[in-house]
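Work through the following exercises with the sequence and the three-dimensional view side by side.

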Amino acid sequence: MSRRHAVERFAQAAMLLSTVAVVSGLVLTVGVIVANGARSLNWEMVSQLPSGGYYLGGSGGVLNAIVGSLILAVGATVLAALVALPVALFLQPEYRGETRIAGVVRGSLDLLWGIPSIVYGAFGFTLLIYLGMRASLMGGIVALALVELPIMARAMDEVLRMVPAELREASYSMGATRWETMRRVVLPQVFGGLITAALLAFGRGIGDAASVLFTAGYTDNLPRSLQDPVASLPLAVFFQLGTPFPEVQQRAHASALILLIVVLIISVLSRVLTRRLTRFAVK
Amino acid sequence: MAHIDVRNLSVTYGRHQALTNVTVEIPDGAISAVIGPSGCGKTTFLRSLNRLTDMSRGVHVSGEVLIDGENILARGADVTALRRKMGLLSQRPQVLPMSIYDNVAYGPRLHGVRDRKRLDAIVQQHLELASLWSEVKDRLRAPASGLSVGQQQRLCLARGLAVEPEVLLCDEPTASLDPVSAQHIEKRFVELKQEYTIILVTHILRQARRLADYVLYMYMGELVEHGPAEALFNAPSDPRTQAYLSGVIS
């Protein structure tokens with residue numbers, strides 16, 4: 001067999017092996033969570049707040065964490081999108097695309113992306129103390145938004161950069177301004193991609209424990225205002241896994257399963273919605 | 001009808017000189033074909049006329065382009081008003097991500113037409129002008145991207161005409177079309193030249209012979225020769241034009 005054929009085989013084998021590694025990783029993770037958590041997962045768990053002695057194996061559920069996580073992640077995603085979209089637009093050819101400033105902004109976002117979320121948590125905590133606030137829903141949303149912002153902005157930037165120059169030019173040649181072109185042509189064209197970018201950030205946000213540890217706190221109750229502390233699913237998993245009781249540890253897996261299902265539902269919903277809203281996009 | 005007068009137009013992209021000292025007056029109400037081999041600057045010439053060159057980075061434009069006596073390259077020139085005057089039809093039809101109706105209504109809406117009935121009338125009139133109306137009148141609300149390529153190009157023509165431009169800039173408008181669709185478009189051009197000044201960039205020599213009243217021959221960024229079609233095709237004076245027309249260079 002010639003050397004070229006050997007290389008071809010090797011490349012194919014490498015691709016296959018990597019794919020198998022990725023897929024089996026997913027299957028194993030989900031499998032372990034389902035195997036350990038499914039037995040503890042029941043209606044009581046998703047519909048009730050923890051009652052006394054829940055962490056010792058008592059009755060109740062993790063409704064506080066489910067609601068908390070949803071509010072935290074949705075709030076943070078909305079807040080991050082309010083900043084990420086303008087940043088991403090600013091990086092396009094119409095505004096500062098391909099200039100040195102754009103390079104600096106992109107580089108900064110990439111760096112921010114790599115910062116561990118516990119650092120954002122610590123930063124948020126310092127900020128809260130400076131402002132004289134305590135761990136609260138507000139603090140958690142802001143810290144999570146910081147975690148989500150770089151991913152969302154860069155993902156949106158990449159999506160926007162995929163819009164062909166000819167499409168923008170078609171709009172300009174009709175006498176449209178930059179903003180009109182953005183608003184009426186570019187954004188509708190990439191709407192699906194922008195939603196995906198927001199989802200990516202949402203997924204990271206809702207699963208993040210470290211950034212909300214100091215900033216959102218933890219509580220067995222539902223928050224009544226932005227100033228109240230709030231529970232979250234990742235922390236619920238963390239605390240339950242930390243107990244010495246096998247029963248409670250099993251509930252940790254069930255909580256993780258709930259987290260997975262929440263992400264799945266939101267992802268499917270937004271994909272369906274996106275498909276309906278982007279039927280005009282030009283291929 | 002706008003009058004176009006180009007004086008000493010030079011365009012460079014970084015170090016690459018795309019156009020060198022082009023000076024020409026475009027005849028009104030006629031089809032002027034810009035011909036020449038690939039990379040000779042035809043498209044750059046066209047794009048300078050509605051300042052789409054602004055979109056490229058590192059581009060430097062000098063000289064004057066006078067449209068009705070006003071230099072559009074001057075600082076402070078109103079680019080959106082200029083582009084409204086110059087309809088553009090590009091090589092590949094580029095429909096906008098919206099319905100067929102909204103594609104045609106895009107320009108008029110930008111320029112302030114809000115009245116529903118008037119928009120309806122404008123859309124129908126221009127779709128008819130582009131001979132597309134009968135094919136799409138029952139699905140005006142459908143995505144424009146669902147049309148065939150030939151239909152898309154006619155939609156782009158309708159969209160371009162709907163802002164009531166005075167000049168049509170066409171960059172190889174039939175290059176990606178099947179022969180039947182191409183013929184459709186060519187026929188339209190012949191009718192439209194009564195009311196519009198048409199500048200047609202083409203690398204199809206036979207198309208230029210069929211349609212052009214006036215011809216500009218470009219080579220390596222220079223405007224080598226220009227004149228009435230008959231004269232230029234039958235008796236080119238420059239050896240480079242002769243070489244191109246006889247097929248020595250293509």
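**Exercise 1.** Find the hairpin formed by strand 9 and strand 10 of chain B, and state which residue in the turn has a positive phi.

*Solution.* Begin with the two strands, which are DSSP runs of E with at least two residues, numbered from the N terminus, just as helices are runs of H or I with at least four. Strand 9 covers residues 214–219 of chain B and strand 10 covers residues 222–228, and the two pair in the antiparallel sense over six bridges, where pairing requires that DSSP finds at least two bridges between the strands. As one example of a bridge, B:Tyr217 has B:Glu225 in strand 10 as its partner. Two residues lie between the strands of this hairpin, and in the turn B:Met220 has a positive phi of about 50 degrees.

The model is a predicted one, in which local features need pLDDT of at least 70 and side-chain atom pairs count only at pLDDT 80 or more, while totals for chains, interfaces and linings use all residues. Residues are numbered from 1 along each chain as its sequence is written, and chains are lettered from A and ligands numbered from 1 in the order in which they are written.

**Exercise 2.** Locate B:Asn21 and B:Asp68, and decide for each whether the residue is buried, partly exposed or exposed.

*Solution.* Most residues other than glycine have a negative phi. B:Asn21, although not a glycine, has a positive phi of about 45 degrees, and its place is in strand 2 (residues 16–26) of chain B. For B:Asp68, also not a glycine, the positive phi is about 50 degrees, and this residue sits in the loop between strand 4 (59–67) and strand 5 (70–71) of chain B.

Next, count the other C-beta atoms, placed from the backbone, within 10 Å: 20 or more means buried, 12 or fewer exposed, and anything in between partly exposed. B:Asn21 has 13 and is therefore partly exposed, whereas B:Asp68 has 12 and so counts as exposed.

**Exercise 3.** Describe how helix 6 and helix 8 of chain A pack.

*Solution.* Helix 6 (residues 137–161) and helix 8 (residues 178–206) of chain A pack at an angle of about 150 degrees, with their axes 8 Å apart. The two helices are therefore roughly antiparallel, the term for angles over 145 degrees. Finally, list the residues that meet, meaning that their C-beta atoms, placed from the backbone, lie within 7 Å: among them are A:Leu144 and A:Ile151 in helix 6, and A:Val186 and A:Leu194 in helix 8 of chain A.

Conventions
Axes fitted to C-alpha atoms, helices over the stretch in contact; angles between N-to-C directions. Parallel < 35°, antiparallel > 145°, perpendicular 65-115°, else oblique. Contact = placed C-beta atoms within 7 Å.
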